Amino acid sequence: MAAVFLVTLYEYSPLFYISVVSLCFVVTAAMVLGWFGFDVPVILRSSDETESILPTPEKQMVQVTNPFALEMGSGPASVPDGVSVRPCCLEPCVLSCFWGCEVSALQRTLQAHQHGPRHSTPQHFQEALHLCYHHCQSFHICSEDREERWTQIPTDLGITDFGLLPRQRYPLVAVLTLAEPEARDTYNIVASVTVIHVPDNKYSLSARVLFQYLLTSQGNMYELKPLFMSADSRGLSRPPESEQQPSEANEEDSKVEQSPVLEEEEEEEQEEEGWSEGKGRDCVVCQNAAVNRVLLPCRHACVCDSCVSHFQHCPICRAFVLESFTLTQGAAAQHSTTECY
């Protein structure tokens with residue numbers, strides 16, 4: 001019957017026949033692609049079709065304590081003049097600033113921590129780096145000390161830049177380790193490694209944190225990653241929650257508490273208080289409930305618990321959502337938290 005109809009249609013008008021067949025092919029292909037999870041044009045979707053058939057898998061998190069926090073300080077920064085950093089630790093710590101650390105040496109050190117002896121003291125890092133750096137400067141940080149520390153490469157070394165891109169050395173690598181042996185037995189996280197870019201004459205990009213890693217006493221390594229809020233939250237990537245990714249795929253999911261960082265503006269302090277009180281920010285979909293879900297792998301914190309089950313793609317960037325995890329706020333956790341998966 002269908003063959004007779006097609007033959008009759010072809011005899012009536014070959015052009016119309018080709019158009020009908022092409023349209024049927026496009027619609028069929030779109031339905032097949034949509035069935036396997038690919039994007040299809042909105043015009044080809046059914047009006048009652050929901051964007052997600054299956055609920056988004058939820059990532060279960062486990063809470064551990066992170067005694068370290070480090071951020072960029074105020075004031076100008078350059079290789080000849082130095083840079084200011086602001087540590088904040090729950091226990092007495094040692095801040096070691098390695099200027100001009102070789103990229104390959106740092107990678108070998110991080111790999112050695114995972115497969116060999118654990119690096120939990122400044123001496124361990126100095127030995128693991130094999131003096132593959134220009135200068136090392138150390139500071140002793142007291143508990144809850146939030147004062148800025150100014151670090152600078154000595155002028156007598158005559159180093160004003162680290163060459164053109166691609167570079168063989170990081171301008172600055174800041175390592176935080178626990179100062180007291182008893183504290184190393186208390187915390188699972190024993191060291192924090194922060195790679196910092198410092199501008200110079202060859203590369204004038206403003207000073208910023210490039211990478212942050214946490215090293216554990218079991219030999220695991222986590223990369224800290226920020227969360228991204230919606231435009232209504234002024235694009236903040238530093239709510240009380242951010243992410244970190246373990247270096248091993250079979251690593252146990254955990255959630256890390258980070259020490260609080262001093263806020264300079266009153267508005268930011270009020271926002272942080274809102275999160276600690278469990279108020280959160282409004283969901284970008286329903287505008288009623290508070291944001292309580294982070295979508296992976298894009299790391300957008302933008303939807304509530306009810307709306308997350310209706311989306312297969314992130315409402316902000318349209319990236320495909322593989323998993324999500326819940327933002328937990330509690331009175332007992334007064335420190336900012338990080339999530340890892």
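The secondary structure of the protein amounts to 6 helices and 17 strands, where helices (H or I, at least four residues) and strands (E, at least two) are DSSP runs numbered from the N terminus. The model is a predicted one, in which local features need pLDDT of at least 70 and side-chain atom pairs count only at pLDDT 80 or more, whereas totals for chains, interfaces and linings use all residues. Residues are numbered from 1 along each chain as its sequence is written, and side-chain values use heavy atoms, with hydrogens and water left out.

Of the 341 residues of the protein, 43% count as buried; buried means under 20% relative accessible area, exposed means over 50%, and partly exposed lies in between (1.4 Å probe, protein chains only). The protein exposes about 18100 Å², of which carbon and sulfur atoms supply 56%, the areas coming from the Shrake-Rupley method with a 1.4 Å probe and, for residues, with only the protein chains shown counting as cover. Among the contacts with a separation of 6 or more, 66% are made by residues 24 or more positions apart, a contact being heavy atoms within 4.5 Å.

In one of them, the side chains of lysine 59 and glutamate 323 meet at 3.6 Å, N to O. This pair links distant parts of the chain, since lysine 59 lies in the loop between α2 and β1 (63-65) and glutamate 323 in strand β16 (residues 323-326), 264 residues apart. Lysine 59 counts as buried because its relative accessibility is 19%, whereas glutamate 323, with a relative accessible area of 24%, is partly exposed.

Another salt bridge joins arginine 86 to glutamate 71, with the closest N and O atoms 2.4 Å apart. Here the link runs between two strands, arginine 86 being in β3 and glutamate 71 in β2, 15 residues apart. Both ends are covered: arginine 86 is buried at 11% relative accessible area, and glutamate 71 is buried at 16%.

The side chains of aspartate 200 and arginine 167 likewise meet in a salt bridge, at 2.8 Å from N to O. Aspartate 200 lies in the loop between β8 (189-197) and β9 (208-216) and arginine 167 in the loop between β6 (149-151) and β7 (169-178), so this pair ties together parts that are 33 residues apart in sequence. Aspartate 200 counts as buried at 7% relative accessibility, and arginine 167 counts as buried at 16%. Elsewhere, salt bridges that share partners join Glu58, Arg293 and Asp305 into one network.

The structure also holds 2 aromatic pairs, in which rings of Phe, Tyr and Trp (its six-membered ring) have centres within 6.5 Å, with planes under 30 degrees apart counting as stacked, over 60 as edge-to-face and the rest as tilted. Phenylalanine 98 and tyrosine 133 form an edge-to-face pair, 5.0 Å centre to centre with 70 degrees between the planes. Phenylalanine 98 belongs to strand β4 (residues 93-102) and tyrosine 133 to the loop between α4 (122-129) and β5 (135-141), so that the pair links distant parts of the chain, 35 residues apart. Phenylalanine 98 and tyrosine 133 are both buried. The rings of phenylalanine 211 and tyrosine 213, by contrast, have their centres 6.3 Å apart and their planes at 25 degrees, so this pair is stacked. Phenylalanine 211 is partly exposed at 32% relative accessible area, while tyrosine 213 is buried at 15%.

Two loop residues round out the picture. Serine 74, in the loop between β2 (70-72) and β3 (83-87), is partly exposed at 42% relative accessibility and touches Ser84 and Glu148, not counting residues up to four places away in sequence.

Notes: A salt bridge is a side-chain nitrogen of Lys or Arg within 4 Å of a carboxyl oxygen of Asp or Glu.
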